[in-house]
Amino acid sequence: MTVCDRVVDCPHSTPKWVESGKLCLRTTNFKRGYLDLSEKNYVSNETFDVRNKRLVPKSGDILFSREGAILGIACIIPEKIEACLGQRMMLLRTNNSINNKFLMYYLNSPMMNKLVRQNIGGTASPHINVGDIKEFLIPTPDISSQLAIVEGIESRLSVCDNIEKTVEFALQGTEAMRQSILKNAFEGRIQS
């Protein structure tokens, strides 16, 4: 069974960047499970149209990094994002047989990472071919099971996010404490 209506590779060229214009996604925006748009890159309207000639990305589409240092990372295009594809990525548009979040989480799973590593081509720039990805076998339980799995994953990931925030806050506190100790030491307030 095919789980995607469309699998489209990005243009194989570096876009010409501009200061402002239309959003162009880069694999550096990819994080496992989400698109990080804290740093944005732009292209002209003309470049945007050329890069979207094969398929215009839309919210809910899955992006998958297919080359380079971050090979094998999947994320979903969020709501209200109008963008074109940069390099080293492909776009997957799911059909009714699979939930897009279920597929994205599967693409980020250890099983899929192993499969990607087994299919890597190239030595200077490791990559995976679009044709290979189209041939991967994806588990497709019924939609209600997929939704239950997604809900279970997201509830556990929210626990991880909370722990990460707590650790980050604690690390910031320890850094402030280090700076205070150093300041006091060099102002003569600490005696051995």
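Me: Is Gly 21 buried, partly exposed or exposed?

Reply: The model is a predicted one. A residue is called buried under 20% relative accessible area and exposed over 50%, with partly exposed in between. Gly 21 has a relative accessibility of 46%, so it counts as partly exposed. Its place is in the loop between β1 (4–9) and β2.

Me: Which residues does Gly 21 contact, once its neighbours within four places in sequence are left aside?

Reply: Gly 21 is then in contact with Tyr 42 and Val 43. A separation can also be read between C-alpha atoms: those of Gly 21 and Glu 79 are separated by 19 Å, and the two residues are 58 residues apart along the chain.

Me: How should I read a sheet, and what is the order of the strands in the open sheet of three strands?

Reply: Strands of a sheet pair through backbone hydrogen bonds, either parallel or antiparallel. Here the order is β5-β2-β8, and the pairing is mixed. Because β5 (42–43) and β8 (83–85) each have a single partner strand, they stand at the edges, and one side of each is left without a neighbour in the sheet.

Me: In which sense, parallel or antiparallel, does β2 pair with β5?

Reply: The pairing of β2 with β5 is antiparallel and extends over two bridges. Within it, Leu 23 has Tyr 42 of β5 as its bridge partner. By contrast, β2 (residues 22–25) and β8 run parallel, joined by three bridges. On that side, Leu 85 in β8 stands opposite Leu 25.

Me: What is the phi of Arg 88?

Reply: Arg 88, a residue other than glycine, has a positive phi near 65 degrees. Arg 88 sits in the loop between β8 and β9 (89–94). With 35% relative accessibility, Arg 88 counts as partly exposed.

Me: How can the span of helix α5 be checked?

Reply: One takes 1.5 Å a residue and compares the result with the distance between the end C-alpha atoms. The 44 residues of α5 should span 64 Å, and its end C-alpha atoms are 64 Å apart, so the two agree.

Me: Which residues form the nonpolar patch on the surface?

Reply: An α-helix has 3.6 residues a turn, so residues three or four places apart point the same way. The patch consists of Val 159, Ile 163, Val 167 and Leu 171, which together have about 370 Å² of accessible area. Val 159 lies in α5 (residues 143–186), and its relative accessible area of 47% makes it partly exposed.

Me: Which residues of α5 are buried, and what is included in their cover?

Reply: The buried residues of α5 are Gln 146, Val 150 and Gly 152. Their cover includes α2 (100–107).

Me: How many of the residues of α2 are buried?

Reply: Seven of its eight residues are buried, so α2 is largely enclosed by the rest of the structure. Among the buried residues are Phe 102, Met 104 and Tyr 106. The cover over the buried residues of α2 includes β1, β6 (62–65), β7, β9, α3 (110–118) and α5.

Terms used:
Residues numbered from 1 in each chain as written. Predicted model: local features only at pLDDT ≥ 70, side-chain atom pairs only at ≥ 80, totals over all residues. Heavy atoms only, no water. Pairing = 2+ DSSP bridges. Helix = DSSP H or I, 4+ residues; strand = E, 2+ residues; numbered from the N terminus. Patch = residues over 30% accessible without salt bridge, like charges linked within 9 Å, V, L, I, M, F, W, Y side chains within 5 Å. Areas by Shrake-Rupley, 256 points an atom, 1.4 Å probe, with all protein chains shown as cover. Salt bridge = Lys/Arg side-chain N within 4 Å of Asp/Glu carboxyl O. Buried < 20%, exposed > 50% of the residue type's maximum accessible area, 1.4 Å probe, protein only. Expected span 1.5 Å × (residues − 1). Contact = heavy atoms within 4.5 Å.
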